[in-house]
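Thanks for coming, everyone. Please take a look at the structure on the screen, and I will walk you through it.

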Amino acid sequence: MEASEDLRELWRRIGYTEKVIDHFMHPRNVGEMKDADVTSTVGSVACGDMIKIFLKVDESDRIEKISFLSYGCASNIATTSVMTELVKGKTLDEAKKLTFKEIVEALGGLPAIKYHCAVLSVSGLRTAIAKYEVKKGRRPLDQDFVRTLLKGVLDPMTGRDIVSMGKVKSISIHNKTIDVELDMPEEDQTSKLVREEILDAFEGLEVSLNVKFSG
């Protein structure tokens, strides 16, 4: 269903370009992918912006198919939609080089307050690629990788990722068992949301994940 002209005019006034409006109203590559090689989930529903990326890679290491689900604002949908268009058909190495500025430019601009949506889209893409590389044995299952996934988990109260906030107290990896200790009170409702989103972040990986709280 098309938006009314009055609504479109309101979006233009707050800084949305015609391309942003088009990708919001008619998102490309949206929907769940049943045969995805890997998925990634970044953001937080509690913060208002979350995306799930589905990725399928062909034998030449090119992105054969990419789709997404979005839980967020118009900018969240538009930036992720255009991101999928920009990387489809590219090799994983090429896709990893995509920047949030290129997404903003492809949309003809965004209000500065919405740049974080483009950053989140890039984070979702890079996280999916990192998970694919670990699954294929091209990247080690180490602390750097675990931190990459945890950077996609946001604290619902601040909207910042739990790594930059210093909430990750320790990471321990033994074989395929990962222990993550967080500097957060276990009984807090926020902690329960963060734990669920950490489990979502590691979805599809053959690992045993333990999340502990010591705040």
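I will start with the overall picture, then take the sheets, then a few single residues.

First, some ground rules. This is a predicted model, so to speak of local features we need pLDDT of at least 70, side-chain atom pairs count only at pLDDT 80 or more, and totals for chains, interfaces and linings use all residues. Residues are numbered from 1 along each chain as its sequence is written, and side-chain values use heavy atoms, with hydrogens and water left out.

Now the overall picture. The protein has 8 helices and 6 strands. Both are DSSP runs, numbered from the N terminus: helices are H or I with at least four residues, strands are E with at least two. Along the sequence, the pattern reads α-α-β-β-β-α-α-α-α-α-β-β-α-β. The radius of gyration is 18 Å, close to the 17 Å that the globule rule gives for 215 residues, so the protein is as compact as a globular protein of that length. That radius is taken over C-alpha atoms, and the rule is 2.2 Å times the number of residues to the power 0.38. The C-alpha atoms fill a box of roughly 55 × 45 × 25 Å along the principal axes.

How much of the protein is buried? Of the 215 residues, 45% count as buried. Buried means under 20% relative accessible area, exposed means over 50%, and partly exposed is in between, with a 1.4 Å probe and protein chains only. The protein exposes about 10,700 Å², and carbon and sulfur atoms supply 48% of that. These areas come from the Shrake-Rupley method with a 1.4 Å probe; for residues, only the protein chains shown count as cover. Next, contacts, meaning heavy atoms within 4.5 Å. Among contacts between residues at least 6 apart in sequence, 59% join residues at least 24 apart.

Two strands pair if DSSP finds at least two bridges between them. For angles, axes are lines fitted to C-alpha atoms, for helices over the stretch in contact, and values run from 0 to 180 degrees between N-to-C directions.

Strand 2 (residues 49-57) and strand 3 share 8 bridges, in the antiparallel sense. Phe54 stands opposite Ser67 in strand 3.

Another open sheet has 3 strands in the order 4-5-6, with mixed pairing. The edges are strand 4 (168-174) and strand 6 (208-213), each pairing on one side only. Strand 5 (residues 177-182) runs parallel to strand 6, and 6 bridges join them. Ile178 has Leu209 in strand 6 as its bridge partner. Helix 7 (residues 143-150) packs on this sheet, touching strand 4 and strand 5, with its direction about 130 degrees from that of strand 4. Helix 8 (residues 189-201) packs on the sheet too, touching strand 5 and strand 6, at about 160 degrees to strand 6.

Now some single residues. Thr127 sits in helix 6. Thr127 is buried, because its relative accessible area is 3%. Leaving aside neighbours within four places in sequence, Thr127 contacts Ser40, Val42, Thr148 and Leu149.

His23 is in helix 2 (residues 18-25). Is His23 buried or exposed? At 5% relative accessibility, it counts as buried. Its side chain makes a polar contact with the side chain of Ser81, at 2.8 Å. A polar contact is a pair of N or O atoms within 3.5 Å; within protein, one must be able to donate a hydrogen and the other to accept it, and residues adjacent in sequence count only if both atoms are side-chain atoms.

Last, backbone angles. Most residues other than glycine have a negative phi. Asp61, in the loop between strand 2 and strand 3, has a positive phi near 70 degrees. Asp61 counts as partly exposed, at 24% relative accessibility. Asn175 lies in the loop between strand 4 and strand 5, and its phi is near 55 degrees, also positive. At 63% relative accessibility, Asn175 counts as exposed.
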